[in-house]
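Q: I'd like to learn how to read this one feature by feature. Can we take it slowly and start with a single residue?

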Amino acid sequence: MCTMHALKEIRQRARAAAEKPAPYGSDLDLSTYVDEAPERSYVESLEQLEELGEEELARAGVEKSGRGRSGSFVQIDGSVVHRKALEKGLEILSTREALEKYDWLWDYYWKAVAVDADKYTAAVELGPFEGYFMRALPGSRTIYPLQACLYIREPRFVQRVHNVVIAEEGSELHIITGCASEHEIKAGLHLGVSEFYVKKGARITFTMVHNWAEGMDVRPRSGIVVEEGGLFMSNYVVMEPLRTLQLYPTARLVGEGAVARFHSILVAQPGSELDVGSRVILSAPRCSAEIISRAITKGGYIAARGHIRGEVGGVKAHLECRGLILDGRGVIHAVPELEGRAEDVDMSHEAAVGKIAQEEVEYLMARGLSEEEATSTIVRGFLNVKIEGLPPLLEREMRRMMELSEEKAL
Amino acid sequence: MSRASPGHPEYGGEKLGEAKEEREATLRVEDLHVEVEGRQILHGVNLEIKCGETHVLFGPNGSGKTTLLMAVMGFPRYKVTRGRIFLGGEDITALPPYERARRGIGIMFQRPPTVRGVSLAQMAALCSRDGVDVEKLAVDLNLGDFLSRDVNHGFSGGEIKRSELLQLLAQDPRVVLLDEPESGVDMENLQLVGRAIRKLLQKDLRRRRTRCGLIITHTGYILDYVEADVGHVLCEGTIVCSGNPREQLEGIRRYGFEECARCTR
């Protein structure tokens with residue numbers, strides 16, 4: 001199919017879905033946001049970036065010096081201000097650049113996420129958008145992660161992002177992403193489409209920490225396709241206040257022995273509404289999946305969803321949702337779903353919602369911790385999910401990022 | 001997490017002298033009445049454990065043994081309706097458990113809860129005084145491989161006891177409260193458990209012990225490893241007999257607790 005034709009069809013589908021509400025989360029009126037933001041100029045090195053300081057970037061998991069990173073991508077509002085790969089075998093471009101450079105990218109574009117999924121996906125296609133294209137060439141492995149930062153500065157701005165990430169055969173790609181905004185922002189919207197392709201024997205780990213402001217609405221839309229023997233792993237952390245967040249990334253395991261793991265750590269502050277799910281469709285033998293979420297409400301609303309669909313026999317998957325209610329005004333609604341469509345699927349789930357066990361508090365108090373210290377130790381423990389398969393360096397990094405968030409959030 | 005521990009200059013403003021430390025390691029319970037969920041369990045318990053002494057507590061199920069330990073530790077569910085508890089010269093009746101722990105009371109739980117995401121190593125570190133080598137303690141207790149595991153998660157009976165003792169050794173309390181340290185422990189582990197308790201109570205120190213202990217025992221097996229100075233029999237919430245623990249155990253084995261109760265009438 002020629003490019004022009006493909007684009008025309010995509011646009012048509014997007015237009016048809018322009019008013020289509022999402023099945024979950026509050027319905028947002030897109031007309032209340034603005035598309036214009038000042039153009040930010042490109043910098044060759046992150047250290048030259050004046051708009052964002054070291055600390056602001058650190059909150060989004062981005063190391064301004066670039067130390068310990070194999071490349072960086074930074075977008076402020078609608079401008080890509082920096083993108084550079086520092087290691088061989090890695091490629092970072094803006095998605096629009098990549099679409100111009102690679103004709104074959106159209107085979108990936110809107111293939112893992114449907115452009116007409118809802119009005120938010122449609123809006124990304126129909127409006128001015130940016131976003132990153134990251135690719136690990138066949139067999140390339142980097143020790144250091146790539147870092148990406150999507151930042152909103154302009155009040156009422158709608159940031160439209162379309163990311164495409166490809167790990168070619170036998171490659172390994174580790175990404176740390178931070179999404180953040182100015183804390184004073186009263187309203188703003190982030191629409192982020194991310195399409196991940198994990199080729200045969202490849203692996204992608206994707207660690208994301210959110211740091212939005214209280215007035216922000218956020219609608220990520222992610223789709224993942226994992227081929228034979230590939231692995232996709234997502235670590236998703238939201239602890240700081242924001243207005244509404246809704247996402248339901250879907251991984252399709254299409255090759256034998258493919259693996260997907262989703263770990264989500266959610267803290268809902270008063271006034272926040274988080275509707276976060278993860279879905280895995282296992283459609284090849286010996287595939288496996290794990291969805292783990294830990295949700296804490298400090299007064300906000302959390303829907304913790306999970307959906308596992310086994311389409312063929314010989315697949316194995318587990319779903320675990322745990323919720324802790326620290327403030328009785330909050331709500332945790334755990335919705336675990338298992339859908340078996342073949343004999344010989346092995347799928348299970350476990351969900352629990354409750355408060356901190358007094359017995360545990362007393363146990364720690366008997367060891368000399370005050371009630372407050374004991375509670376905080378238990379809460380940190382609750383969020384301390386063991387993440388298997390994350391390289392040690394990245395695990396340390398993730399812990400560090402979580403600690404930064406935890407300090408403020410808990 | 002840093003906090004002042006007893007004997008530390010931060011605590012009480014001055015470094016405690018040895019003589020004072022000895023005085024502190026005395027537990028006195030006076031006319032203690034305790035209620036649990038509206039039900040009176042202890043009806044006036046009197047007890048004094050002097051520095052360096054180890055006492056054992058016998059008694060049938062439901063007699064109030066665990067309640068006594070929990071009340072000494074200060075858990076809010078165990079409500080003191082009358083009487084007082086002294087640590088050294090200080091009345092601690094109104095203090096919350098962590099204040100008592102910081103003053104040097106340590107308790108071994110019979111069935112401690114699992115705390116997910118908190119490893120045994122972290123737990124031991126939370127308890128410990130400065131300069132305690134948790135890893136060495138763990139190796140001595142054959143718990144080296146357990147340090148990174150969530151505390152008590154999937155631990156066997158014996159492992160739980162050893163994990164509790166590891167935490168206590170790290171805490172190094174002056175007053176040691178042990179609730180059935182031998183229950184669910186096989187012979188091999190019993191030796192290890194016994195050795196750790198001896199260490200906690202400074203049993204191998206001939207003179208100038210600065211610790212004291214109260215041990216609940218059903219079977220009395222622990223007495224084969226840890227010498228006790230005084231035994232008490234608790235029946236229906238009061239101490240009905242205090243004396244030589246071996247003789248008491250012998251009597252209980254032969255005649256049962258009914259005889260103890262009758263003995264006082």
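This is a predicted model: local features need pLDDT of at least 70, side-chain atom pairs count only at pLDDT 80 or more; totals for chains, interfaces and linings use all residues.

Q: What is the phi of A:Arg156, and where is the residue found?
A: Its phi is positive, about 65°, although A:Arg156 is not a glycine. A:Arg156 sits in the loop between strand 5 (146-152) and strand 6 (158-167) of chain A. Helices (H or I, at least four residues) and strands (E, at least two) are DSSP runs, numbered from the N terminus.

Q: Is A:Trp110 buried or exposed?
A: A:Trp110 is buried, with 23 other C-beta atoms within 10 Å. This residue, too, is not a glycine but has a positive phi, of about 60°. Look for A:Trp110 in the loop between helix 3 (95-101) and helix 4 (119-126) of chain A.

Q: How do I read burial for a helix, say helix 2 of chain B?
A: Count its buried residues: 9 of the 9 in helix 2 (residues 65-73) of chain B qualify, so that helix is largely enclosed by the rest of the structure. Among them are B:Lys65, B:Thr66 and B:Leu69. Across the 265 residues of chain B, 47% count as buried.

Q: Which residues have the most contacts inside the largest nonpolar core?
A: The general idea is that nonpolar side chains tend to be buried together in soluble globular proteins. A nonpolar core here is a set of buried Ala, Val, Leu, Ile, Met, Phe, Trp, Tyr and Cys residues joined through C-beta atoms within 7 Å. The largest has 203 residues, and A:Val198 and B:Leu177 have the most contacts inside it. Strand 14 (residues 259-268) of chain A gives the most to this core, 7 residues. Leaving out residues up to four places away in sequence, B:Leu177 touches residues including B:Leu69, B:Val72 and B:Met73, which are buried residues of helix 2 of chain B.

Q: How do helix 6 and helix 7 of chain B pack?
A: Helix 6 of chain B and helix 7 (residues 187-200) of chain B pack at about 15°, with axes 10 Å apart. That makes the two helices roughly parallel, a label for angles under 35 degrees. Residues meeting there include B:Leu165 of helix 6 and B:Leu192 of helix 7.

Q: How many residues does each chain give to the contact between chains A and B?
A: Chain B gives 21 residues and chain A gives 19, where contact means C-beta atoms, placed from the backbone, within 7 Å. Helix 3 of chain B supplies the largest share of the chain B side, 4 residues.

Note on methods
Residues are numbered from 1 along each chain as its sequence is written. Chains are lettered from A and ligands numbered from 1 in the order in which they are written. A residue is buried if 20 or more other C-beta atoms lie within 10 Å of its own, exposed if 12 or fewer, and partly exposed in between; C-beta atoms are placed from the backbone. Two residues are in contact if their C-beta atoms, placed from the backbone, lie within 7 Å. Axes are lines fitted to C-alpha atoms, for helices over the stretch in contact, and angles run from 0 to 180 degrees between N-to-C directions. Angles under 35 degrees count as roughly parallel, over 145 as roughly antiparallel, 65 to 115 as roughly perpendicular and the rest as oblique.
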